[in-house]
Structure formats: structure tokens, C-alpha cells
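User: I have just opened this one and would like to go through the fold with you, piece by piece.

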Amino acid sequence: MQYDFDTVVERRGTGSDKWDSYGPDILPMWIADSDFKSPRPVIEAIRAVADRGIFGYSKPDGKFEAAYAGWMHRRFTWQADPAWVEWCPSLGNALAMTIRAFTVAGDNVAMLSPIYPPFINLCRLNDRIPVQSALVGETFAIDFADLEKKLALPATKLLLLCNPHNPTGRVFRRDELERIGELCLKHGIIVFSDEIHCDITFKGRHIPFPSLSPALGDISLVGLNASKTFNLADLRSGAVLSSNPELRQRFAAERDKCKLGRCSLGVAGVTAAYNDCADYADQLLGYLSANIALAVDFFAKHTPKIKAYQPEATFLLWLDCRAFGLDQSGIDDFFLSKAKIALNSGASFGEGGNGFVRMNLACPRSLVQEGLDRIKAAF
């Protein structure tokens, strides 16, 4: 099936967080959902559930779990077992439940920064201490000496890993992941690897963290969701995978304390996406790659005070605006008030985020071009 990523779908007035949080004069290119229609098999699967007209409680039937495990096997050669799959509403929920399941108030939670803001915020909201190890240089390399210092602290119990990395777009290499694993084994650290952007990789190959070795599988959980690839965030149907039954049980116990139940519409949509929509994922990757090339080239030619880092993955562009000579509030105001474009403020991404903004390019190319033209005009 050939998919259309060029058509602009009107989302204003639909309750969209992305589009309805700002006035009609603002072009939203911030929150990480896309403006592409989900694939036809997903829509048909959801419609089939809706047409029954009954929305009672649903229970696991194994299809959802098999869809997640099968996708990871086919796309990344990770021999994940459906029995390793635990449902969760979203990766945000999974982060919170993991923090609560594997740490106690006052514990440290390590992470590589700058980082997706909920990594930091959910630690603080749950009385844990986010301990950030900054990525260094223009390649956003891991400072392993600093990371080990953070992991070796007696209060550090958990590492929240984001791979592919949000917001820098890094795809961590095998040797980097193996070194992270060695340090976590050495210091008795549990790893939660957020791999929600795993399908959107342009350079290098995504490697699921637990697939590196049985020993690393034994200390880790992987968070996944079809939401980024297939634009299904509203279906609330993510998953956490672990080969270690004790880790799965601890995670599930924390989830069950919240009396959360799965949604039949979401299960149907995600199952259809993973079983029937590989062609959509492949075509999306090509379209996003062209969007990113357009934007990176534009910034290099037209706005030398903005450095756009070429991402290895994700549909997010990390923009260095420190040459503006403004503080973060001034940078944010430039984009929102002068360029009339909503981006994510770098300050929300923790250490190393000040002076940056994050731009979402998962939209029709005409909107990408409009956003770039607005920025150029604002200069």
C-alpha cells in the first residue's frame, strides 16, 4: 500500500494537545506526535471494534503480546517472548511505575542528559533524585567516567536509558551499550531502556538493550510503544518487556496498584499496526529522512546562528541557539513571538539543554517548509 504523508489534516479544534494549546497564528512543532494519518489497517481494526457498539472490560488474549514480540523479532532480530510483555498505558506511565517499583523515596535515578523531560520530572514528583550525566561534545558522546561516578553512588539504584536518544537523536553503538551494561552489572543497577523511537533510525542500527547478552537481559526492562511510528499515542497501549520474571512481576505489581486496565480499541490498533503495517513504517522513514535533510540544509544556509544537529534517529531536531546571545527565555520568545512557531524549550531537558530548542518534523513537508520560512522571516 502506498501511503500519503503530504496531505495536511486539520487538527485544530479536535482537542489536540499539539494544535489546541496555542492560538491560530502559531504553527505547533513541539510535542512529539506526528501530523500523519495512521495506516488504513489500524483504522479498520479500530472501526471493527467500534462497530460492535459495546465497550466493556477487556482482558489479555495473547495477540497484543505476540504483536510486540513479533515486531521486535522481525525488525531487530531480538528473540523476545510474548510472555515477557506487560501492557501499560504509555511510556510515561511506564517510567513512573518503574521508578516506583525499583527505587524508594530519596534514591538516585541516573540518566544521560539532556533528556526527555519526564525522566527528570517523574523522579522529582515521586521524591527521587534525578542524577544527570551530561553527553559531551558535538557528537553527544557518553562520558563514561562521569557516568560511572553517578552509578557508583550508594543511593543510585536505577538507570533510565533513552535509545534512540531524545532530544539529540543519537543511536548508541553496540560498544557504548555494552559499556553501559558492564557498569550497571558492576554496580548493581537496574536499567529501564526507553526505545520508543526504535523504528525511526536513519544511521546505524538500533540494538535492543537486553538483546546484547542474557546477563543484560536479566537486569533490564524495555519500554516500547507503537505511538511514534504509527501516531497512536491516544490509544494508551504501550508495553514493557523483560526476560527476568522478577522484574516483570515487580513492574506489574506497581501497575496493578493503580487499577489500570487495557483498552480494546488500543489493543486492536496496536496489534494491526505491528502485524500489518510494516510498509507504512518503511515509507515513513524515507519521508522523515527527507524532511530532516531539508531542515538541516536550510539552517546551514539561511540561519548561521542556529546549529542543527543531524539526528541519527527520531523525527526531532535539536537546535543549538546559543549564538543568539540571549538567555533561554529570550530564545523561546524569539520563536514563539517573532517566528510564530511553538518549539520545546531546551531548559526543560535538564543539564545541557539551556540555549537549545527541540523541533518536531513529523508533519507534511509543506508545514516543515512553512516553519522554516517563518524562522527565516523572523531573522
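Analyst: Helix 4 (residues 91-102) lies across strand 2, strand 5, strand 6, strand 7 (220-224) and strand 8 (238-241), and runs at about 175 degrees to strand 6. Helices (H or I, at least four residues) and strands (E, at least two) are DSSP runs numbered from the N terminus, contact means heavy atoms within 4.5 Å, and axes are lines fitted to C-alpha atoms, for helices over the stretch in contact, with angles from 0 to 180 degrees between N-to-C directions. This is a predicted model, in which local features need pLDDT of at least 70 and side-chain atom pairs count only at pLDDT 80 or more, while totals for chains, interfaces and linings use all residues. Residues are numbered from 1 along each chain as its sequence is written, and side-chain values use heavy atoms, with hydrogens and water left out.

User: What is the strand order in the seven-stranded sheet?

Analyst: The order is 2-8-7-6-5-3-4 in an open sheet with mixed pairing, where two strands pair if DSSP finds at least two bridges between them. Strand 2 (85-88) and strand 4 (129-134) are the edge strands, each pairing on one side only, and the twist averages 25 degrees from one strand to the next.

User: How many bridges join strand 5 to strand 6?

Analyst: Strand 5 (residues 156-162) and strand 6 (residues 190-194) run parallel and are joined by five bridges; L161, for example, has S193 in strand 6 as its bridge partner.

User: And which strands does helix 5 lie across?

Analyst: Helix 5 (residues 117-125) lies across strand 3 (108-113), strand 4, strand 5 and strand 6, at about 155 degrees to strand 4.

User: At what angle do helix 4 and helix 5 cross?

Analyst: Their axes come within 10 Å and cross at roughly 40 degrees. Helix 4 and helix 5 are therefore oblique to each other, given that angles under 35 degrees count as roughly parallel, over 145 as roughly antiparallel, 65 to 115 as roughly perpendicular and the rest as oblique. The crossing is right-handed, a label used if the near helix is turned clockwise from the far one by less than a right angle, left-handed being the anticlockwise case.

User: Which residues meet there?

Analyst: G92, L95, A96 and I99 of helix 4 meet P118, F119, L122 and C123 of helix 5. The residues of this contact divide into seven nonpolar, one polar and no charged, with Ala, Val, Leu, Ile, Met, Phe, Trp, Tyr, Cys and Pro counted as nonpolar, Asp, Glu, Lys and Arg as charged, and the others, Gly among them, as polar.

User: Next helix pair: how do helix 2 and helix 11 cross?

Analyst: The axes of helix 2 (residues 40-52) and helix 11 (residues 264-276) come within 8 Å and cross at roughly 150 degrees, which makes helix 2 roughly antiparallel to helix 11. The contact involves P41, V42, A45, I46, V49 and A50 of helix 2 with S264, L265, A268, G269, A272, A273 and D276 of helix 11, and its residues divide into ten nonpolar, two polar and one charged.

User: Switching to the other sheet, why is one side of strand 9 left without a neighbour?

Analyst: That open sheet has four strands in the order 9-10-13-12, with antiparallel pairing. Strand 9 (307-308) and strand 12 (344-345) stand at the edges with a single partner strand each, so one side of each has no neighbour in the sheet. Strand 10 (residues 316-320) pairs with strand 13 (residues 356-360) over five bridges in the antiparallel sense, and W318 has R358 as its bridge partner in strand 13. Helix 12 (residues 278-302) lies across strand 9, strand 10 and strand 13, at about 10 degrees to strand 10.

User: Is F299 buried or exposed?

Analyst: F299, found in helix 12, is buried, with a relative accessible area of 1%; buried means under 20%, exposed over 50% and partly exposed in between, using a 1.4 Å probe and protein chains only. Leaving aside neighbours within four places in sequence, F299 is in contact with P304, I306, A308, L317, L319, M359, L372 and I375.
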